[in-house]
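Hi there,

Here is the structure I promised to pass on to you.

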Amino acid sequence: MLSSTSRFYGALLGLLLAGCATPPAVIPAAGDYRGMQDYLDWYIPRQMAKHDVPGLSIALVDGSRPVWAKGYGYADAERAIPADAETVYQVGSVSKILTAVAALGLVERGHIDLDKPITQYLPEFAIQSRWPAASPITPRMLLSHHAGLPTFHLKGFFSHRPLSRLPEELRTEYLAYPPGTTLSYSNIGTNLTGLAIERVSGREFATYMRDEVFRPLAMTRSGFTLDDAIAAKLAHGYIKGQPAPPTPVRDVPAAGLYSNALDMSRFMRFVLTGTGAQTPPLNPATRRAMFTPQYAENPFHFGQDTGLGWFLGGLAIDGAGTVAWHNGGTKAYHAQMVLLPEKQLGVAVLANADSAKDLIYEVAEEALRAALLARDGIAPAPPSAPRPAVTLAPEVLQKYVGDYSLMGTLARVALDGERLKFQVLDHELDLVPLSATEFRVEKSLLGLVSIAIPFPPLEFASVGGREFVLLRDRTVAVAEKVPPHELPAAWRARVGDYRLVNPDAEYLVNLEHCRLLVEGDRLLLDLEISGIDDRRVKIVVMPYSDDEAYVFGYGRNVGDTTVAYREGGRQRIRYSGFIFERQEEAASDALAAR
């Protein structure tokens with residue numbers, strides 16, 4: 001949830017531990033990629049060792065030409081089975097691109113209209129709304145993450161539960177935003193797209209994808225089901241260095257794809273040029289439309305656009321033109337696909353460890369930089385000179401002080417003497433002013449020295465009467481300042497420790513505690529989760545009635561509604577399908593039953 005913050009520390013570690021080995025040079029050679037390959041043969045194993053990743057596969061394409069595909073390390077470290085270009089991985093949310101391609105194929109054939117209500121194709125879908133006059137959700141909104149849906153429906157996320165049950169489960173959930181108003185990433189949106197594909201085509205989703213996308217593109221080791229051919233080449237996943245099986249995923253259209261570097265190469269070539277398909281599922285105009293920013297006039301995008309299925313921009317590749325990409329991850333696998341449509345270059349990177357989240361970005365970006373240099377002589381721009389710090393008046397700094405919600409998690413900006421501090425989770429970062437709104441991020445080491453972290457300046461912005469902090473990385477992490485608000489007595493009365501009464505086998509199984517608490521006038525949900533992603537978070541909850549509240553903030557993971565109710569005399573809270581019960585009352589009932 002806080003990848004931008006965690007990368008502060010990755011950048012800092014890179015400064016402290018940078019090696020002195022000299023890499024092979026990439027020499028511009030008008031399409032001769034041998035120097036690039038030598039360089040990546042040097043670069044990739046070093047990055048894998050840095051991130052403790054056993055295996056990785058990569059494919060690079062130049063228009064219709066498959067330039068290079070290779071594996072590094074091990075698909076199975078215990079048996080020393082090497083990773084190669086045919087090694088299969090779970091690719092997580094890269095699946096969304098394939099689902100978008102299938103939906104756009106049905107648009108071309110006149111079976112789906114991007115701007116008609118999705119209920120025209122999926123009439124069983126319904127969801128509660130705080131905005132009764134809001135626009136209906138359309139396929140265009142679903143494909144561009146502007147439908148106003150919650151990011152996830154967490155209950156059943158890691159399970160074999162049939163996706164067909166999702167519409168029924170969503171009937172008691174709420175929209176996070178009015179449709180068409182906010183860029184908010186959503187698995188649910190892609191899942192509804194997949195269900196619409198099933199309904200319109202009359203075929204099960206995985207079957208439709210096999211027949212209409214994978215077979216025409218000769219993607220022989222790709223699928224949304226783990227058949228024998230795919231399983232035979234599946235890499236072992238690794239979590240904290242230990243082997244782990246593939247993660248069951250209910251959200252098949254959004255995150256359920258298995259694939260390999262060679263098949264990703266075929267897909268990228270098709271999207272770039274239309275070649276390599278027995279029956280082209282998309283025409284050139286539709287492929288170009290995938291890279292057209294949607295709802296681009298929205299002032300709350302903060303420079304982060306989406307096309308139809310793709311993120312646009314955000315990756316640091318100088319001279320690349322439009323950059324279209326999507327990453328993905330499950331518990332033990334990570335993947336990244338990046339296309340440069342104007343340069344006709346593409347790369348896919350797949351890895352088999354939970355620790356590969358940053359690695360896949362780094363390798364994909366470096367591979368495309370090297371390819372641009374090798375083919376076109378486009379070198380990365382030299383580092384800009386450090387910007388000098390400026391002095392701001394105390395009243396300027398003071399206006400930024402306050403509580404913020406960073407993707408739902410409580411963050412604070414505090415004034416310590418003449419310097420602002422940004423506090424989130426267990427991190428405290430120094431903010432050094434570069435202008436009235438931009439601040440360099442530094443980290444104090446042992447209270448003795450403050451080191452600048454090579455990360456874009458943190459920005460403060462005011463839009464539509466709302467106050468934000470922007471952490472610009474590959475995406476824009478947005479923290480919204482929590483405004484003054486009244487906290488109803490009904491919610492104050494519900495504070496206490498809660499237990500999860502309907503756990504899943506694979507999700508929130510390591511929930512150490514759940515506590516509803518009040519700090520000042522802030523209602524917070526305090527969660528401690530151990531296991532794969534050890535963390536303790538305080539989620540900012542904003543009541544809007546005596547029984548309903550929503551996760552405050554902007555963007556993904558926020559806007560979801562929490563509903564409080566009593567059942568059998570016990571206080572309960574429902575959030576994203578999970579039910580939490582206040583422990584004191586459960587304990588009292590247990591004592592009374594003795």
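The crossing of α2 and α12 is right-handed (a crossing is right-handed if the near helix is turned clockwise from the far one by less than a right angle, and left-handed if anticlockwise). Helix α2 covers residues 34-51, and its axis lies 10 Å from that of α12, at an angle of about 165°. Axes here are lines fitted to C-alpha atoms, for helices over the stretch in contact, and angles run from 0 to 180 degrees between N-to-C directions. The two helices, α2 and α12, are therefore roughly antiparallel to each other (over 145 degrees; under 35 counts as roughly parallel, 65 to 115 as roughly perpendicular and the rest as oblique). Helices (H or I, at least four residues) and strands (E, at least two) are DSSP runs, numbered from the N terminus.

Before going on, please note that this is a predicted model, in which local features need pLDDT of at least 70 and side-chain atom pairs count only at pLDDT 80 or more, while totals for chains, interfaces and linings use all residues. Residues are numbered from 1 along each chain as its sequence is written, and side-chain values use heavy atoms, with hydrogens and water left out.

Which residues of α2 meet α12? They are M36, Y39, L40, Y43, I44, Q47, M48, K50 and H51, and their partners in α12 are D358, L359, E362, V363, E366, A367, A370, A371 and A374 (contact means heavy atoms within 4.5 Å). The contact of α2 with α12 holds 12 nonpolar, two polar and four charged residues. For these classes, Ala, Val, Leu, Ile, Met, Phe, Trp, Tyr, Cys and Pro count as nonpolar, Asp, Glu, Lys and Arg as charged, and the others, Gly among them, as polar.

Helix α12 itself runs over residues 357-376, and its 20 residues reach 29 Å from first C-alpha to last, close to the 28 Å expected (1.5 Å times one less than the number of residues). In α12, 17 of the 20 residues are buried (under 20% relative accessible area; exposed is over 50%, partly exposed in between, with a 1.4 Å probe and protein chains only). Just after α12 comes G377, with a positive phi of about 70°.

Now to another pair. The axes of α3 (residues 95-108) and α6 (residues 187-201) come within 10 Å and cross at roughly 40°. That makes α3 oblique to α6, and their crossing is left-handed. From α3, K96, T99, A102, A103 and L106 meet N187, T190, T193, G194, I197 and V200 in α6. By class, the contact of α3 with α6 has five nonpolar, five polar and one charged residues.

Is α6 enclosed or open? It is largely enclosed by the rest of the structure, since 11 of its 15 residues are buried. What covers the buried residues of α6 includes α3, α4, α5, α7 and α9.

M407, between β13 and β14, has a positive phi of about 55° although it is not a glycine, and M407 counts as buried at 10% relative accessibility. N557, between β26 and β27, is also not a glycine, yet has a positive phi of about 70°; N557 is buried, with a relative accessible area of 18%.

Enjoy exploring!
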